Amino acid sequence: MKNTALKSLLLASSLLSSAGLVHAADVTLTVESWRNDDLQIWQEKIIPAFEAKNPGIKIVFSPTAPTEYNASLNAKLDAGSAGDIITCRPFDASLELFNKKQLVDLISLSGMENFSPVAKAAWSTDDGKSTFCVPMASVIHGFIYNKDAFDKLGIAIPKTEDEFFAALDKIKADGTYIPLAMGTKDLWEAATMGYQNIGPNYWKGEEGREALISGKQKLTDADWVKPYEELAKWKPYLGDGFEAQTYSDSQNLFTLGRAAIYPAGSWEIALFNTQAQFKMGAFPPPVPKAGDQGYISDHPDIGVALNAKSTHQEEAKKFLTWVASPEFADIYANALPGFFSLNSNPVKMSDPLAQEFVSWRGPYKSTVRSTYQILSRGTPNLENETWVESANVINGTDTPAVAGEKLQKGLDSWYKPGK
């Protein structure tokens, strides 16, 4: 009797299994990220595209606020509680995680052949022997403006600093719009959309950045202090109470049509397209004088890595290989216009604002943010200190010269060029 029951049970189990009704539990991969603005796009476009072709693997996108991401991620990695997939900042921040053996070497991952050495440089060791993140996208800095406001006030796109401030004066005199939508509460806004946006026109992009790394230039030199002098002039054109204004406050001021110009990164395009009820345009950082060579921050911004402590290594690698594919590049670049694919396979973008940003790559020389490579490996961290000083300069609590002195003193305390 018992043998008959056992045989029946085994037969039923076999039938269920062959019918696909009994299967191993789905593996869930958690993605750590600072891109909380992208939650909907991941849930509606990216994740469904992957899961449709990879049954048995589920993706959960779990973002943290941008200002909290680095500290939160470091704490989770140290505690062994971080997600399987780690969204990578470029250069030093992620290199440090790799050196601590918290990220897996992906140099032999299938799909990495789709990226050039330049595309991989922001996530590779100094000797290029290891690459620890799959490159996803770069972003370009500039200014997004309300076309309706410009048309109403008869303002032409400013090409020089003088024209830029003349436009701000005209907007302020009219009184309908806040000239510039930017606050200093979150600190990083002031540095990323302020100092690193306009600065390359003064330190001449890669020429100055490389000179700073080699020790031939210092942050107290005129080319590095002058952008702070220009940034200090922004104060009268910011909204009332800008010192308490957060990043999301700035976004809202602009998309609600209350501000005319938004110091921006191209990463804002997707969100602004869904929120702004007016026509938008973009212009690159105005040059100091007419005829000057212009520079743009065209910054490798985002990649993804494999947490060395993930218990789902093979499934995570399958996801990362898909991220390295032309299919992902096309989905990502068009779902998130303003994040420009680093994949060697060309991606056709349909968004006009994204096309405007990327068109600057011809006449303007590209560079990356000055603090990201090598110069933020020690303590004090130059990137984070630049956040603080950029806000201090705009707030008026530090002069441009003092800001340069503080930053150089901090850098000198641990960084010795050439060593």
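**Loops, rings and charges**

Mentor: Let's start with Pro-380, which is in the loop between strand E10 (365–367) and helix H17 (382–395). Helices (H or I, at least four residues) and strands (E, at least two) are DSSP runs, numbered from the N terminus. Mind that this is a predicted model, where local features need pLDDT of at least 70 and side-chain atom pairs count only at pLDDT 80 or more, while totals for chains, interfaces and linings use all residues. Residues are numbered from 1 along each chain as its sequence is written, and side-chain values use heavy atoms, with hydrogens and water left out.

Trainee: What is omega for the peptide bond that joins Thr-379 and Pro-380?
Mentor: Pro-380 sits in the loop between E10 and H17. The bond joining Thr-379 to Pro-380 is cis, with omega at about 5 degrees.

Trainee: Is Lys-101, with its positive phi, buried or exposed?
Mentor: Lys-101 isn't a glycine, yet its phi is about 65 degrees. You'll find Lys-101 in the loop between helix H4 (92–99) and helix H5 (117–120). Buried means under 20% relative accessible area, exposed over 50%, and partly exposed in between (1.4 Å probe, protein chains only). The relative accessible area of Lys-101 is 69%, so Lys-101 is exposed.

Trainee: Where is Leu-187 found?
Mentor: Leu-187 is a residue other than glycine with a positive phi, near 65 degrees. Its relative accessible area is 29%, so Leu-187 is partly exposed. Leu-187 lies in the loop between strand E5 (178–180) and H8.

Trainee: On to the rings: what kind of aromatic pair do Tyr-332 and Phe-339 form?
Mentor: Rings of Phe, Tyr and Trp (its six-membered ring) pair if their centres lie within 6.5 Å; planes under 30 degrees apart count as stacked, over 60 as edge-to-face and the rest as tilted. There are 29 aromatic pairs in the structure, including Phe-328 with Tyr-332, which is stacked at 5.2 Å centre to centre and 20 degrees between the planes. Those two both lie in helix H15 (residues 326–335), four residues apart, about one turn of the helix. For Tyr-332 and Phe-339, the centres are 5.9 Å apart and the planes are at 70 degrees, so that pair is edge-to-face.

Trainee: Which residues do ring pairs link into a cluster with Tyr-332?
Mentor: Tyr-332 is buried at 2% relative accessible area, and Phe-339 is buried at 1%. Ring pairs link Tyr-332 into a cluster with Trp-42, Phe-50, Phe-61, Phe-319, Trp-322, Phe-328 and Phe-339.

Trainee: Which residues have the most contacts inside the largest nonpolar core?
Mentor: A nonpolar core is a set of buried Ala, Val, Leu, Ile, Met, Phe, Trp, Tyr and Cys residues joined through side-chain atoms within 4.5 Å. The largest one has 128 residues, and strand E4 (residues 134–146) gives the most to this core, with eight residues. The residues with the most contacts inside it are Val-134, Ile-261 and Phe-319.

Trainee: Which side chain does Gln-196 join in a polar contact?
Mentor: Gln-196 is in helix H8 (residues 188–198) and is buried at 2% relative accessibility. A polar contact is a pair of N or O atoms within 3.5 Å; within protein, one must be able to donate a hydrogen and the other to accept it, and residues adjacent in sequence count only if both atoms are side-chain atoms. At 3.1 Å, the side chain of Gln-196 is joined to that of Ser-370.

Trainee: How many residues apart are Asp-412 and Lys-218?
Mentor: A salt bridge is a side-chain nitrogen of Lys or Arg within 4 Å of a carboxyl oxygen of Asp or Glu, and the whole structure has 16 of them. Asp-412 and Lys-218 meet in one of these (4.0 Å, N to O). The pair links distant parts of the chain, with Asp-412 in helix H18 (residues 400–412) and Lys-218 in the loop between helix H10 (206–214) and helix H11 (222–232), and the separation is 194 residues.

Trainee: Which residues join Glu-230 in one salt-bridge network?
Mentor: Glu-230 meets Lys-226 in a salt bridge (3.4 Å, N to O), and it forms another with Lys-233, the closest N and O atoms being 3.2 Å apart. Salt bridges that share partners join Glu-230 into one network with Lys-226, Glu-229 and Lys-233.
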